[in-house]
Amino acid sequence: MKSLTVQDINAIINGDIVGQANLEITGLEHIQKANQHQATFIGNRKYAAMWNDSNAALAIVNDTISLEPGENRVLIKVKNADLAMAKLLDAFTPESPHFESDIHPTAVIDASAKLGEGTKVGAGCYIGKDVVIGNGVVLYPNVTILDDTTIGDHTTVWSGTVIRERSVIGSYCIFHTNVSIGADGFGYRPSDDGRGLVKIPHIGNVVIGNGVEIGANTCVDRAKFSSTIIGDGCKIDNLVQIAHNCVLGRSCIMAGSSGLAGSVTLGDGVVIGGSASIKDHTTIHSGATIGAGSGVMNDVPAGKTVLGYPATDSREMLKQWVALRKLAR
């Protein structure tokens with residue numbers, strides 16, 4: 001069990017200590033569940049009232065919130081409690097699963113593949129022909145990487161993930177369990193005789209930038225031609241669908257169960273809420289936000305927030321909902 005003093009913690013988050021600085025903290029917990037050896041955080045005034053009844057020894061608190069530590073307890077006041085807590089979570093993170101050897105004897109690695117220094121390959125992994133893997137990459141058990149794929153330095157790929165042939169993956173990425181990279185795009189046309197569907201081949205690839213994180217069971221499909229592209233710093237939640245030939249700019253966020261149809265383009269810093277759906281060949285410009293559950297049918301201007309189905313300006317949509325509620329009474 002890790003243990004840090006309040007002073008140790010403050011060295012990480014650089015706040016102002018109010019109360020005893022020598023208390024030992026062994027973990028982090030919600031304000032209502034924390035015990036007398038744990039820290040919690042208060043980033044919103046509505047949670048401040050819970051502090052008196054909490055058993056937590058330490059609270060990381062926004063410096064705009066007026067609060068007293070109380071007996072045998074301590075506060076650390078910071079500008080942003082959420083970001084401070086993120087740093088502490090990193091400090092208290094348990095060790096990753098253990099590798100007995102860097103390359104497990106049951107891994108199957110083609111003789112033409114190249115692995116960088118410090119790369120670890122777990123049990124049951126498959127690495128195909130002419131794959132190039134950088135330094136410090138970690139492949140947990142049962143990862144499949146098919147031919148001609150490249151992976152940059154210090155990328156982590158969790159169990160069950162399949163990276164199809166010719167994919168290009170950047171450095172410092174994280175792919176969680178059962179991610180699919182480079183599966184065929186969804187494309188069919190009616191046959192000439194009208195009695196069936198003809199599959200459209202997808203011969204492109206997937207290109208993923210640096211610092212990208214992709215959640216469990218998310219799919220990024222290969223392009224029909226050219227590339228499906230995920231820009232640097234994008235963060236993709238679980239159960240997200242990114243279809244063929246989509247292009248995401250830098251630092252986009254997609255929440256769980258959202259989806260992009262084919263050839264959607266996102267600018268930089270686009271935020272897509274959970275369960276939102278984006279029509280094919282649509283462009284969502286930089287800084288736009290798509291509300292959860294929305295259905296986007298048309299291009300969205302830069303910086304705009306849209307909501308609803310079909311998605312429209314969020315303020316206009318809220319007015320419509322208010323009007324409908326009044327009519328229903």
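**Ground rules.** Since this is a prediction, I kept local features to pLDDT of at least 70 and side-chain atom pairs to pLDDT 80 or more, while totals for chains, interfaces and linings use all residues. I count residues from 1 along each chain as its sequence is written, and side-chain values use heavy atoms, with hydrogens and water left out.

**Cores.** I started with nonpolar cores, meaning sets of buried Ala, Val, Leu, Ile, Met, Phe, Trp, Tyr and Cys residues joined through side-chain atoms within 4.5 Å. For burial I used relative accessible area: buried is under 20%, exposed is over 50%, partly exposed is in between (1.4 Å probe, protein chains only). The largest core holds 47 residues, and L139, F175, I181, I208, I242, L248 and L260 touch the most other members. Apart from it I found another core of 19 residues, including I13, V74, A81 and F92.

**L139.** I then listed its contacts (heavy atoms within 4.5 Å). Neighbours within four places in sequence aside, L139 touches F99, K120, V121, G122, C125, I127, I133, I145 and V157.

**V143.** V143 counts as buried because its relative accessible area is 0%. Again leaving out neighbours within four places, I get contacts from V143 to G124, C125, Y126, V157, W158, S159, G160 and T161. I also checked V143 against I169: they are 26 residues apart along the chain, with 15 Å between their C-alpha atoms.

**Salt bridges.** My criterion was a side-chain nitrogen of Lys or Arg within 4 Å of a carboxyl oxygen of Asp or Glu. How many does the structure hold? I get nine.

- D130 pairs with K129, with the closest N and O atoms 2.8 Å apart. D130 is partly exposed at 30%, and K129 is partly exposed at 43%.
- E165 and R164 meet at 2.9 Å, N to O. R164 is partly exposed, at 23%.
- D232 and R250 meet at 3.3 Å, N to O. This pair links distant parts of the chain, 18 residues apart: D232 sits in the loop between β26 (227–230) and β27 (235–236), R250 in the one between β29 (247–248) and β30 (253–254). D232 is partly exposed at 28%, as is R250 at 49%.

Last, I noted that salt bridges with shared partners join R164, E165, D184, K199 and R222 into one network.

Key. Helices (H or I, at least four residues) and strands (E, at least two) are DSSP runs, numbered from the N terminus.
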